[in-house]
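Work through the following exercises with the sequence and the structure side by side, and try each task before reading its solution.

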Amino acid sequence: MMPAVTALGGMAVVGALVGAGCSEDSTATPKITVTARAGVAPTPPAQGAYFGAWVPPLLGPAYATPTKRPSAKASPSTTGSPEPDELEAKDGMTALTGFERDLGRRVDIVQSYLGWKTDFPRKVDTALLEGGDRTMLLTWSGTDTREIVTGKHDALIRERARAIKNTGKPIFLRWQRDMDKTSLRTKVHSPEAFIAAWKHLRTIFKREKVDNVAWVWCPTARGFTSRGAQPFYPGDDQVDWICVDAQPGGDFEYRDMSETLKIFMEWVREHPKPVMVAEFGVPQSYGTRRAEWLRKAAQTLQNPQIKAVVYFNSNEQAQEQRDRRRKYEVTGDRAAVSALREFATTPYFNPRNLPVTSGG
């Protein structure tokens with residue numbers, strides 16, 4: 001039986017809010033509704049926006065060196081060392097709590113990435129789910145949408161639905177993000193195929209009585225400028241949170257968050273849903289302007305329809321070592337860390353009034 005009260009369980013319907021720091025378009029914000037079950041699935045705060053992050057394990061792919069990565073061949077029975085998945089879980093929590101120490105507070109949302117066939121929960125997921133009152137944003141990759149609709153993957157989907165239900169925790173489920181990218185067309189195929197697959201997944205989750213999930217639909221911000229993202233929208237009755245991935249893009253010398261989100265925010269006002277910005281970051285190539293960018297972003301994101309923001313504290317999208325335009329980690333950059341701390345500890349982005357410490 002699901003718990004009655006959860007970390008981000010709240011009101012299922014949130015009225016339009018207008019407050020200090022909100023954008024000039026705030027009066028156009030629709031009344032916000034979700035299909036998620038209040039008190040069980042994560043729902044929007046009445047005021048402000050949750051703050052979250054993706055913080056890769058320190059020994060993960062973006063950080064590992066041959067001398068530091070634990071050997072998967074090592075046998076605990078002969079070496080006394082922990083299993084690789086136990087190391088990942090411990091290391092993941094160490095990385096997260098270190099980031100939170102710099103931030104001066106716990107995050108509301110912690111992101112986790114999961115392959116289509118990867119078992120869930122892994123030990124790192126269990127550690128994150130049990131490590132306090134953070135809520136997981138589970139980013140689950142997809143597979144061939146046409147195969148999903150034929151029922152080929154129903155057994156796997158049922159298994160995943162039951163595993164999520166059995167956690168007893170509220171979970172944001174972000175399935176097949178960035179579906180509008182042309183690089184994913186061979187498995188997404190078309191907007192019609194994606195929407196049919198989305199509905200198929202939701203139907204199976206409903207049959208399994210999975211109440212602790214909020215469905216997060218998440219294309220790219222760039223897709224709204226090209227009008228490639230809009231056709232993939234399954235409909236207001238199929239989506240709990242409308243989301244966007246909003247990195248500035250590697251082809252810009254400098255670009256404010258307001259420019260990245262402009263077309264998306266114009267579109268989303270027509271849909272009465274809470275908004276999540278699930279991947280955003282300030283490129284290392286911005287140098288001394290990184291702090292300025294973060295402070296401007298904090299103002300831009302104080303829009304009454306935006307109810308969650310998730311910082312992408314990682315360099316893993318860099319195409320090569322010198323690609324600083326796609327490196328977003330702030331760790332070690334004192335000015336950027338300080339600005340992100342200001343961002344995260346602003347009352348608007350701390351709606352649960354979590355304790356704020358002196359930082360690291």
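This is a predicted model: local features need pLDDT of at least 70, side-chain atom pairs count only at pLDDT 80 or more; totals for chains, interfaces and linings use all residues.

**Exercise 1: A helix and what covers it**

Determine how far H7 reaches from its first C-alpha to its last, and which of its residues are buried.

*Solution.* Begin with the length: H7 covers residues 191-207, which makes 17 residues, and it reaches 24 Å from the first C-alpha to the last. At 1.5 Å a residue the expected value is 24 Å, and the span of H7 is close to it.

Next, look for the residues of H7 with under 20% relative accessible area, since this is the cut-off for buried. They are Pro191, Ala193, Phe194, Ile195, Ala197, Trp198, His200, Leu201, Arg202, Ile204 and Phe205.

Finally, ask what lies over these buried residues: the cover includes the strands S5 (135-140), S6 (171-175) and S7, together with the helices H4 (145-150), H5 (154-166) and H6 (185-188).

**Exercise 2: A link between cysteines**

Find which cysteines form a disulfide, and state whether the link is left-handed or right-handed.

*Solution.* The test is whether two cysteine sulfur atoms lie within 2.5 Å, and the sulfur atoms of cysteine 218 and cysteine 243, which are 2.2 Å apart, form a disulfide. The count for the model comes to 1 disulfide. The angle about the S-S bond is -45 degrees, and the link is left-handed.

Now place the two ends: cysteine 218 lies in the loop between strand S7 (213-217) and helix H8 (221-225), while cysteine 243 belongs to strand S8 (residues 241-245), so the pair ties together parts that are 25 residues apart in sequence. Cysteine 218 counts as buried, at 0% relative accessibility, and cysteine 243 is buried with a relative accessible area of 0%.

**Exercise 3: Two helices side by side**

Describe how the axes of helix H10 and helix H11 are arranged.

*Solution.* Two packed helices are described by the angle between their axes and by the distance between the axes. For H10 (residues 290-300) and H11 (residues 334-345), the axes come within 8 Å and cross at roughly 10 degrees. An angle under 35 degrees counts as roughly parallel, and H10 and H11 are therefore roughly parallel to each other. On the side of H10, the contact is made by Arg290, Ala291, Leu294, Arg295, Ala297 and Ala298, and on the side of H11 by Ala335, Ala336, Ala339, Leu340, Glu342 and Phe343.

How values were computed:
Residues are numbered from 1 along each chain as its sequence is written. Side-chain values use heavy atoms; hydrogens and water are left out. Helices (H or I, at least four residues) and strands (E, at least two) are DSSP runs, numbered from the N terminus. Buried means under 20% relative accessible area, exposed over 50%, partly exposed in between (1.4 Å probe, protein chains only). The expected span of a helix is 1.5 Å times one less than its number of residues. Contact means heavy atoms within 4.5 Å. Axes are lines fitted to C-alpha atoms, for helices over the stretch in contact, and angles run from 0 to 180 degrees between N-to-C directions. Angles under 35 degrees count as roughly parallel, over 145 as roughly antiparallel, 65 to 115 as roughly perpendicular and the rest as oblique.
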